[in-house]
Amino acid sequence: MIVTEEMLAPYRLDGGPLRLWPFGGALSRAPSVPMKLFSSSGEFFGPLWWSGSARDNPEQNLQVVLVLAFTELVPVLRPWREWLALKHQAGGMMCEHVSMIATRLEPSPTLKPALDAIARDNYFAEEGRFNKSDILASRPANYVKALGALGLDCEWSRHLLTESVYPIDATQKNLNRIAADPPALDGLFDWTGMTREQSSLNPAILLLTENSD
C-alpha cells in the first residue's frame, strides 16, 4: 500500500530506522515495519510487466518497472515522493518474497529496451535460483557485464540479484543515468539515528518484473 512517514513514525524508536528483515549487529533490535502495511507488488505493477496483454512470450513481452527501494532498513522518508510498502515474489521456483519500501522511477527511454532485455534474458534462468551453490559463474557475470555496457554497476547491491529483482547501486551517478527525471538522492530521506556505510546496501535501484513461477 501507499505509506507515508506519518504512518511509519509511530513504529520508530526515537526516530531511528525500521527493519524490513532480521538485521544483525547493533540494529537487530530496531522495530520492524508492520506486515499489515504491505501489498503485493503485482497489485501496483502487474499490468506494467507485460507489453500489451500478451503474457505468454516473456522473451519478447516481459518488461521491467524501475524503483528506488529500501530492502533492509528504512530511514525517515521525505514527503515529496510516493512510497509503497511491497512484498515482491522473486527467485523463480524458490518463490522468495522480498519486502521493500519503494518509490517508482520513470526509466530513461534510451535505456528502457536494454533494461527489458536484461529481464527477458534471465526469465526462468537457473530456475530463478541465482544464489544456489551450483550456478554457473557466467550468470551473474553476464548481468554485471550488461549493466556495465549501460554505464551502471551493482558493486554493493549484487547480493539482491535473483530472478525478477535486478539490483543497481543507488548512487547519484546511476540515478542520473537510468532515470528520466532523477531525484536528488540525499533529499529523499533522513539517516539521523543511524551510521550508514557505503556497503549498507540501502537503498538500491531495482528492476522489478513478474516472477516466472
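Analyst: A contact here means heavy atoms within 4.5 Å. By that rule L20 touches V33, F38, F70, T71, E72, V74, S99, M100 and I101, where residues up to four places away in sequence are not counted. This is a predicted model, in which local features need pLDDT of at least 70 and side-chain atom pairs count only at pLDDT 80 or more, while totals for chains, interfaces and linings use all residues. Residues are numbered from 1 along each chain as its sequence is written, and side-chain values use heavy atoms, with hydrogens and water left out.

User: What makes L20 count as buried or exposed, and where does L20 lie?

Analyst: Buried means under 20% relative accessible area, exposed means over 50%, and partly exposed is in between, with a 1.4 Å probe and protein chains only. L20 has 12% relative accessibility, which is under 20%, so L20 counts as buried. L20 lies in the loop between strand 2 (18-19) and strand 3 (39-40), where helices (H or I, at least four residues) and strands (E, at least two) are DSSP runs numbered from the N terminus. In these terms, the chain comes to six helices and 11 strands, and 50% of its 213 residues count as buried.

User: Why is the pairing of R12 and E5 called a salt bridge?

Analyst: A salt bridge is a side-chain nitrogen of Lys or Arg within 4 Å of a carboxyl oxygen of Asp or Glu. The side chains of R12 and E5 meet at 2.8 Å, N to O, which is within 4 Å, so the pair qualifies. R12 has a relative accessible area of 10% and is buried, and E5, at 13%, also counts as buried. The structure holds two salt bridges.

User: Which residues form a salt bridge at 2.9 Å, and how far apart are they in helix 4?

Analyst: That salt bridge joins D116 and K112, with 2.9 Å from N to O. Being four residues apart in helix 4 (residues 112-122), D116 and K112 are separated by about one helical turn. D116 is buried, and so is K112.

User: What makes a group of residues a nonpolar core, and which residues touch the most other members of the largest one?

Analyst: A nonpolar core is a set of buried Ala, Val, Leu, Ile, Met, Phe, Trp, Tyr and Cys residues joined through side-chain atoms within 4.5 Å. The largest such core has 57 residues, of which V33, V74, I101, I178 and L206 touch the most other members. Strand 4 gives the most to this core, with six residues. As for V74, its contacts include L8, R12, P17, L18, L20, V33 and I101, again leaving out residues up to four places away in sequence.

User: Why is the pair of W50 and Y123 called edge-to-face?

Analyst: Rings of Phe, Tyr and Trp (its six-membered ring) pair if their centres lie within 6.5 Å, and planes under 30 degrees apart count as stacked, over 60 as edge-to-face and the rest as tilted. The centres of W50 and Y123 are 6.4 Å apart and the planes stand at 80°, so the pair passes the distance rule and counts as edge-to-face. W50 lies in the loop between helix 2 (41-45) and helix 3 (58-61) and Y123 in the loop between helix 4 and helix 5, so the pair ties together parts that are 73 residues apart in sequence. W50 is buried, with a relative accessible area of 3%, whereas Y123 is partly exposed at 22%.

User: What is the pair of F70 and W83 called, and why?

Analyst: The ring centres of F70 and W83 are 5.9 Å apart and the planes are at 40°, so the pair is tilted. F70 belongs to strand 4 and W83 to strand 7, 13 residues apart, and the pair links these distant parts of the chain. F70 is buried, and so is W83.

User: How do you know how many disulfides there are?

Analyst: A disulfide is a pair of cysteine sulfur atoms within 2.5 Å, and a search of the whole structure finds zero. As for cysteines, C95 is partly exposed, with a relative accessible area of 29%, while C154 counts as buried at 5%.

User: What sets D14 and S164 apart in phi?

Analyst: Most residues other than glycine have a negative phi. D14 is not a glycine, yet its phi is positive, about 55°, and S164, also not a glycine, has a positive phi of about 80°. D14, in the loop between helix 1 (5-8) and strand 2, counts as exposed at 79% relative accessibility. S164, in the loop between helix 5 and strand 9, counts as buried at 0%.
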